[in-house]
Amino acid sequence: MLFYAFLGCIVGTLVGILPGIGPLAGISILLPVTFGLDATKAIIMLAGIYYGSQYGGSTTSILMRIPGEAASVMTCIDGYAMAQKGRAGAALSIAAVGSFVAGTFGVVMLTLVAPPLAGLALRFGPPEYTALLVLGLVLLAYMSSTSLVRTMLMAAVGLLLGCIGIDVMSGHFRYSFDIKELGDGIGIVPVAVGLFGLGEILSTPSATVTQKVVSPRLRELLPNASEWRLSALPIARGSVLGFFVGIVPGSAHIIASFLSYAVEKRVSRTPEAFGHGAVAGVAGPESANNSASTGAFVPMLALGLPTGPVTAVLMAALLIHGIPPGPQLVSEHPDVFWGFIASMYVGNLMLLALNLPLVGLFVSVLRIPYAYLYPLIVMFCIIGVYEVSHAIVDVWIMLIMGAVGYLLRKFDFDPAPLVLGLVIAPTFELSLRQSLVMSGGDWLIFFQRPIAVTLLALCAGLLVLAAVALLRKDWRGRLARAQASGEEA
Amino acid sequence: MHRRSFVVGSAAVAVLGQEGWTRSGRQAWAQEAYPTRAITIINPFPPGGAADVVARPLAAVLEPALKQPVVIETKAGAAGQVGAQFAASAKPDGYTLLVHIVSISGFAEVDKLYGRPVKFTRDDFIPLARLIADPMVLLVNDQQPYKDLSQLVADVRRRPNELIYSSSGLHGALHLPTALFLRAAGLQMKHLPTNGGGPALTALIGNNAQMACSAIAAAMGQIRAGKVRALACLGAQRATALPEVPTMKEQGYDVEFYLWVGTFAPKGTPEPIVVRLREEIGKAAAAEEFRQAMKNIGQDVAYLDQAEFKAFWDADAKRVEDAVRQIGKV
C-alpha cells in the first residue's frame with residue numbers, strides 16, 4: 001500500500017516538473033497500468049499522482065519560469081524573481097513546506113468535515129459560480145506589478161481568446177477558422193507554457209548582459225528567518241482559501257492559486273514587492289493549489305460527483321475496479337475510503353521528504369549552461385504539450401504564444417492576467433448563460449441566492465475600497481500640488 | 001505518425017530483413033499475416049468516458065490474440081468530432097480504428113442544420129462490432145414529488161417552460177433522448193446544457209435542474225443512494241439493474257435510446273482485414289476477462305457482429321437524426 005502511494009508521489013512529482021504534462025495527462029497515461037491492481041491501491045497511486053504534481057509544478061516555475069502545469073502560473077511570477085536574486089533554494093523550500101502544510105490541512109478537513117461540506121459544493125450552481133468568477137475578475141486588477149491599464153488590457157485579450165470554440169449554448173463554432181481542434185477552445189497549458197516558458201527562453205539570448213548563473217551555497221538553499229516569517233501567514237491563508245475554493249466544481253485549483261496571490265497582494269504591507277520576488281507570492285498560491293486539489297476530493301468522495309476532469313478520471317478508475325462512486329462509498333467500501341485518506345497523510349509526508357532534499361539538486365540544474373539547457377527545455381515543452389491531447393494544433397499555439405510572450409516581455413507586459421482571462425472566460429460565459437436559462441432571462445437570480453449575493457457584495461466592497469483609495473490618492477496629489485503652487489505663490 | 005507503431009513497425013521490418021525475405025515475399029506475408037505492427041484505436045473522448053472504459057479492456061484482450069500491441073490514443077475534442085474525423089481520414093489499412101458512441105450518428109445532421117460543410121458521414125466508417133448498449137433512464141432529483149412518469153408529465157404540462165432539464169451538452173448523448181421524450185409527450189421544458197455527463201448529474205442533484213436523462217451505469221450510485229429517482233427506462237425491455245423501473249413504451253411513449261459503444265474501421269479498409277478484426281473482436285467480447293471488466297463498470301456485454309450492428313446502427317441513426325432535427329437550431 002505504502003509502496004503505491006510512494007510510486008504515485010514520485011510519478012506525480014515528475015509529472016508536475018515536466019512542462020506541459022499536467023496531472024490529467026499523467027493520470028490518463030497511467031490509468032491502464034492500474035488495471036492489474038486492486039481498487040484501493042489503484043486509487044491511492046492515481047491520487048498520489050494528482051497531489052504530487054501540485055508539489056512538482058512549482059519547480060520549473062521557480063527555476064525557469066515554465067509552469068509545469070496550469071496552477072503554477074502564479075508561482076512563475078515571484079518564484080522566478082526570487083530565483084534571479086539567488087533565492088531559488090529558498091523559494092523551492094517554501095513551496096514544498098507550504099504545499100505540505102496545505103496538503104495536510106486539506107486531508108484533516110477531508111477527514112473531519114467532508115460530508116457537511118459536500119452539501120456546499122451542491123449549492124454552488126451556475127449563479128454562485130458566476131459570482132465567484134466576477135470576484136475573480138475584480139481581483140485580476142490586483143494581479144500585476146505593472147500598470148493597471150496594462151493588466152486590464154492583458155486580461156481583456158485573455159477573455160477574448162477564451163471565447164474561441166464551440167458555443168455550448170447554441171452549437172456554433174466561434175473564431176475557430178474551420179480548425180476542429182479549436183472547437184474546445186484554446187488550451188490553457190499550451191498558452192501558459194508558451195507565454196511564460198518559451199517567451200523567457202527566447203528573450204534570454206538577446207539580453208545584453210547574460211545573467212550569471214547563481215550557484216548557491218548549501219546554507220543559502222534554505223529560507224532565512226525573515227523569509228519563514230513572511231511566508232507563515234500566507235501559507236495559512238492559502239491553505240484555508242484553497243480548500244474551500246477547491247470544493248467548488250470546475251478548474252478550481254487554478255483559480256485558487258490566483259485568488260490567493262491577489263489576496264496576499266491585497267493584504268500585504270509591501271504590495272510593490274510583488275512581481276519582484278515577494279516570498280508571500282510564492283507561499284500563498286503554492287499552498288492554495290495544494291489544499292484545493294485536496295478539497296476537490298470532497299464532492300468526489302462524499303457525493304460521488306466529479307468536480308473537474310481529474311476527479312472524473314479518478315472516478316472512472318474506481319468504476320473500472322467495480323466500485324460505483326456515489327454517496328454510499330464511505331459506508332459500502334470503508335476500506336477504500338479510509339485507505340485513501342490514510343495514504344494522503346503519508347503521501348504528503350513522503351512528498352515533503354522527497355522534495356526538500358531535491359531542492360539542492362534542482363537548483364544545480366541552473367548550473368547547466370543555457371546552450372544545453374534551453375534546447376532541452378524547448379523539446380520537453382513541445383512533447384509535453386503534444387502529449388496532452390495528441391493535437392499538433394496545441395504545439396502551434398504554444399509556439400505562437402512563445403513569440404507573443406517574447407514581445408510582451410520586451411514591452412514589459414505581464415502575461416499572467418492573459419492566462420487568467422483565458423481560464424475565466426469560458427466558465428464565466430457558460431455559468432452566466434446557464435444562470436439566465438434557469439431564471440428565464442431574469443438577472444435578479446444573482447441577488448436571490450445567498451452565496452451568490454455574498455460574493456457579489458464582496459466584489460462591490462472591493463471596488464468601493466479601490467475607488468476610495470484612488471480618490472484619496474488623487475485628493476492627496478491635488479493637495480500636494482496646491483500646497484506646492486501655494487508656496488510658489 | 002504514432003511513435004510506438006513506428007518503432008514496432010521498423011523493428012519488425014528490421015527482423016524480417018535479417019532473415020533475408022525479399023520485398024515481394026514480405027508484402028505477400030504482410031497480406032496474409034495482418035497485423036504486422038501496432039494497431040491504434042482512437043478514443044475521441046476524454047479519458048475515463050464510456051468509450052475509454054470499454055476500449056481499454058478490449059485492447060487488453062485483443063493484444064495477445066493479434067500478437068501486436070493495441071494502443072488507445074485519446075483524441076478528444078468537440079464532443080467526439082475531432083477523433084472521429086481523424087479516424088475517417090486515416091489510411092484505411094486496419095492500423096487505425098475508432099471506438100465511438102451513439103452520438104457519432106448526429107454530427108453530419110448537425111452540420112447540415114447549421115449550413116456547415118459536412119466533415120464526415122456515417123458512410124465514412126465500416127461498423128465492426130457493437131460492444132455494449134446501456135439503455136438510458138429518465139431521472140428526477142429527490143426534491144421533486146413525482147412518484148411516476150405520469151405525475152411528471154402532468155405537472156410539466158400544467159406549467160410549460162418552468163422545469164429545467166440538464167444535459168451533457170447540445171446534441172450530446174444526454175440531450176438527444178430528452179428531446180425525443182419531450183416531443184413524444186408534447187412537453188416544453190428549459191434546457192440547461194453543461195460540459196459533460198458528470199456536471200449534468202451534479203446540476204440535477206443540486207436541484208439546478210429537475211430532470212435529466214443518463215446512462216444507467218453513470219447514475220447507479222446516485223439511484224441507490226436515493227439522490228435521484230428513475231421514472232422510466234428508455235430500453236426496449238426493462239433493464240436488469242433496475243427491474244422495477246418501467247420502460248417508456250410501457251408508459252405509452254415510443255422512445256428508445258441507448259448509450260452504446262461500438263468499434264469502426266475507416267471506409268476502404270480491405271475486406272480480409274475487416275474479417276480478421278471482426279473475428280478477433282467477437283472472440284474478445286466473449287472472453288471472460290472482457291465480460292468481467294464490463295461487469296465492473298456496471299454493463300452487460302451487448303455484442304453485435306457487423307451485419308446486426310449495421311442494422312441496429314441504421315435504425316439508431318434515424319432516431320438520432322430525428323432528435324437533432326427535433327431540437328433544431330438553437
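The structure is a predicted model, in which local features need pLDDT of at least 70 and side-chain atom pairs count only at pLDDT 80 or more, while totals for chains, interfaces and linings use all residues. Residues are numbered from 1 along each chain as its sequence is written, chains are lettered from A and ligands numbered from 1 in the order in which they are written, and side-chain values use heavy atoms, with hydrogens and water left out.

## The cavity

The search of the whole structure finds 4 cavities of 30 Å³ or more. A cavity is a set of points, on a 1 Å grid over the protein atoms alone, where a 1.4 Å probe fits but cannot get out; lining residues have an atom within 4 Å of a point. The second largest cavity holds about 50 Å³ of space, where a volume is the space filled by probe spheres set on the points, with points joined across faces, edges and corners.

Which helices supply at least two residues each of this lining? They are α3 (39-64), α5 (88-123) and α16 (334-364) of chain A. Helices (H or I, at least four residues) and strands (E, at least two) are DSSP runs, numbered from the N terminus. By class, 6 residues of the lining are nonpolar and 3 are polar, and none is charged. Here Ala, Val, Leu, Ile, Met, Phe, Trp, Tyr, Cys and Pro count as nonpolar, Asp, Glu, Lys and Arg as charged, and the others, Gly among them, as polar.

## Aromatic rings

Over all chains, the search finds 20 aromatic pairs. In one of them, Phe107(B) and Phe120(B) have ring centres 5.8 Å apart and planes at 70 degrees, so this pair is edge-to-face. Phe107(B) lies in helix α5 (residues 107-113) of chain B and Phe120(B) in the loop between α5 and β4 (125-141) of chain B, so the pair ties together parts that are 13 residues apart in sequence. Both Phe107(B) and Phe120(B) are buried. Trp260(B) and Phe264(B) form a tilted pair, with 6.4 Å from centre to centre and 50 degrees between the planes. Trp260(B) and Phe264(B) are buried too. Rings of Phe, Tyr and Trp (its six-membered ring) pair if their centres lie within 6.5 Å; planes under 30 degrees apart count as stacked, over 60 as edge-to-face and the rest as tilted.

Some rings have a charge over them, which requires NZ of Lys or CZ of Arg within 6 Å of the ring centre and within 35 degrees of the ring normal. The charged end of Arg150(A) sits over the ring of Phe413(A), 4.5 Å from its centre. In chain B, Lys75(B) has its charged end over the ring of Phe86(B), 4.6 Å from the centre.

## Single residues

Buried means under 20% relative accessible area, exposed over 50%, and partly exposed in between (1.4 Å probe, protein chains only).

| Residue | Relative accessibility | Class |
|---|---|---|
| Ser435(A) | 0% | buried |
| Ala185(B) | 6% | buried |
| His171(B) | 11% | buried |
| Asn161(B) | 42% | partly exposed |
| Asp412(A) | 48% | partly exposed |

Ser435(A) is part of helix α19 (residues 416-439) of chain A, and its contacts are Pro126(A), Pro127(A), Thr130(A), Ile445(A) and Phe446(A).

Ala185(B) belongs to helix α7 (residues 175-185) of chain B and touches Arg157(B) and Tyr253(B). From Ala185(B) to Val70(B) there are 115 residues in sequence and 45 Å in space, C-alpha to C-alpha.

His171(B) sits in the loop between β5 (164-167) and α7 of chain B. Its contacts are Val110(B), Leu113(B), Tyr114(B), Leu176(B), Val324(B), Ile327(B) and Gly328(B).

## Backbone details

Where is Asp412(A) found? It lies in the loop between α18 (392-410) and α19 of chain A. Although Asp412(A) is not a glycine, its phi is positive, about 60 degrees. Asn161(B), also not a glycine, has a positive phi of about 60 degrees, and its place is the loop between α6 (149-158) and β5 of chain B.

Tyr34(B) and Pro35(B) are joined by a cis peptide bond, with omega about 0 degrees. Pro35(B) is in the loop between α2 (23-32) and β1 (39-43) of chain B.

Methods: 1 Å grid on protein atoms, 1.4 Å probe; cavity = no way out; pocket = protein on both sides within 12 Å on 5 of 7 lines; lining within 4 Å. Contact = heavy atoms within 4.5 Å. Lists of a residue's contacts leave out its neighbours within four places in sequence.
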